[in-house]
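Q: Hi, I'm new to this one. Can you walk me through it?

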Amino acid sequence: MAPDTRHPDKLDRAVIFLGPPGAGKGTQAKELARKYGVPHLSTGDMLREHVTKGTPLGVKAKPIMERGELVPDSLVLQMVRERIERPDCSHGFVFDGFPRTVAQAKYLGELLKQHGYKRPFVIHLAIDPSVLLPRLTGRRTCKMGGEIYNIYERPPKVAGRCDADGGELVQRPDDREEVIGPRLRAYEKQTAPLVAYYGRLGLLHSIDASKSVEEVGRQVLQSVQSVRGAR
Ligand code: ADP
Ligand code: AMP
């Protein structure tokens, strides 16, 4: 039997990863969720699943995602509400890519209150935009388990195959250079204001995301442990 490497304490709250595309939100959120044994909720992954399945939401979201724009709040909020009301979220969960607008953040704040959660813990992965391009163009994701690689910085042992489950590694359509510009602009305009928003609420913890995955992970864990149980 594989050793249980989950963190012994409970998370008991929502953790939010904030940062531009390529900052490392998915990489760190996955690991933190695994350590605490709570769900990793990536709205990007959820939307991609809707696109793959061709659901009504997926049909609406597909062209918007392909242009590198944000999917309308109304569609994303309903999807998130349904997800966090499932029983597996009762001990906390880790968001990646949500909220992305001030309206989403306000809605989430109310939803968490209604469901009796403590105040969320917001981790801002701060990074200079100049390093994001190779992170995004080099990103490859396992089709089976969603593991994240980078052909320049974090390549798999066997090219094109996931180390964990041998699944095929694929490039996201929106990681092409021509879509990256619009995505970064959408971040600056619609999501970056959340740094000040959560800063004013006293919930923001900034981490230097230019360091190695392992170093950023250590700092994430340290800051989460420093407030766990509080508030
Ligand atoms: P996001 O979810 O914020 O868009 P990801 O976690 O998917 O970002 O990471 C984007 C790319 O950068 C991936 O290819 C990943 O392997 C790589 N990456 C993530 N964190 C780091 C890091 N600290 N140093 C170098 N590369 C990283
Ligand atoms: P991500 O996987 O987080 O990089 O998201 C990929 C794409 O999904 C984004 O460029 C948006 O089009 C869409 N998306 C993901 N999360 C959200 C959100 N919270 N609000 C609006 N659109 C989102």
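Q: Which polar backbone atom is 3.1 Å from a nitrogen atom of ligand 2?
A: That's a backbone atom of V71. A polar contact here is a pair of N or O atoms within 3.5 Å; within protein, one must be able to donate a hydrogen and the other to accept it, and residues adjacent in sequence count only if both atoms are side-chain atoms. Keep in mind that this is a predicted model: local features need pLDDT of at least 70, side-chain atom pairs count only at pLDDT 80 or more, and totals for chains, interfaces and linings use all residues. Residues are numbered from 1 along each chain as its sequence is written, chains are lettered from A and ligands numbered from 1 in the order in which they are written, and side-chain values use heavy atoms, with hydrogens and water left out.

Q: And how much of ligand 2 does the protein bury?
A: The protein buries 97% of the 480 Å² that ligand 2 exposes when taken alone. Accessible areas come from the Shrake-Rupley method with a 1.4 Å probe; for residues, only the protein chains shown count as cover.

Q: Which side chains have an N or O atom by the ligand?
A: T43 has one 2.8 Å from a nitrogen atom of ligand 2. R48 has one too, 3.0 Å from an oxygen atom of ligand 2.

Q: Which residues come nearest to ligand 2?
A: T43, E69, R100, Q104 and R172, out of 16 residues around ligand 2. To be near, a residue needs one of its heavy atoms within 4 Å of the molecule or strand.

Q: What classes are in that shell?
A: The shell around ligand 2 has 6 nonpolar, 4 polar and 6 charged residues. Ala, Val, Leu, Ile, Met, Phe, Trp, Tyr, Cys and Pro count as nonpolar, Asp, Glu, Lys and Arg as charged, and the others, Gly among them, as polar.

Q: Which helix gives the most to it?
A: Helix α2 (residues 43-53), with 4 residues. Helices (H or I, at least four residues) and strands (E, at least two) are DSSP runs, numbered from the N terminus.

Q: You listed R172. Where is that?
A: R172 is found in the loop between β7 and α7 (177-191).

Q: Is R172 buried or exposed?
A: R172 is buried, at 17% relative accessible area. Buried means under 20%, exposed over 50%, and partly exposed in between (1.4 Å probe, protein chains only).

Q: What does R172 touch?
A: R172 is in contact (heavy atoms within 4.5 Å) with R48, R139 and R183, leaving aside its neighbours within four places in sequence. There's also a polar contact of 3.0 Å between the side chains of R172 and D174.
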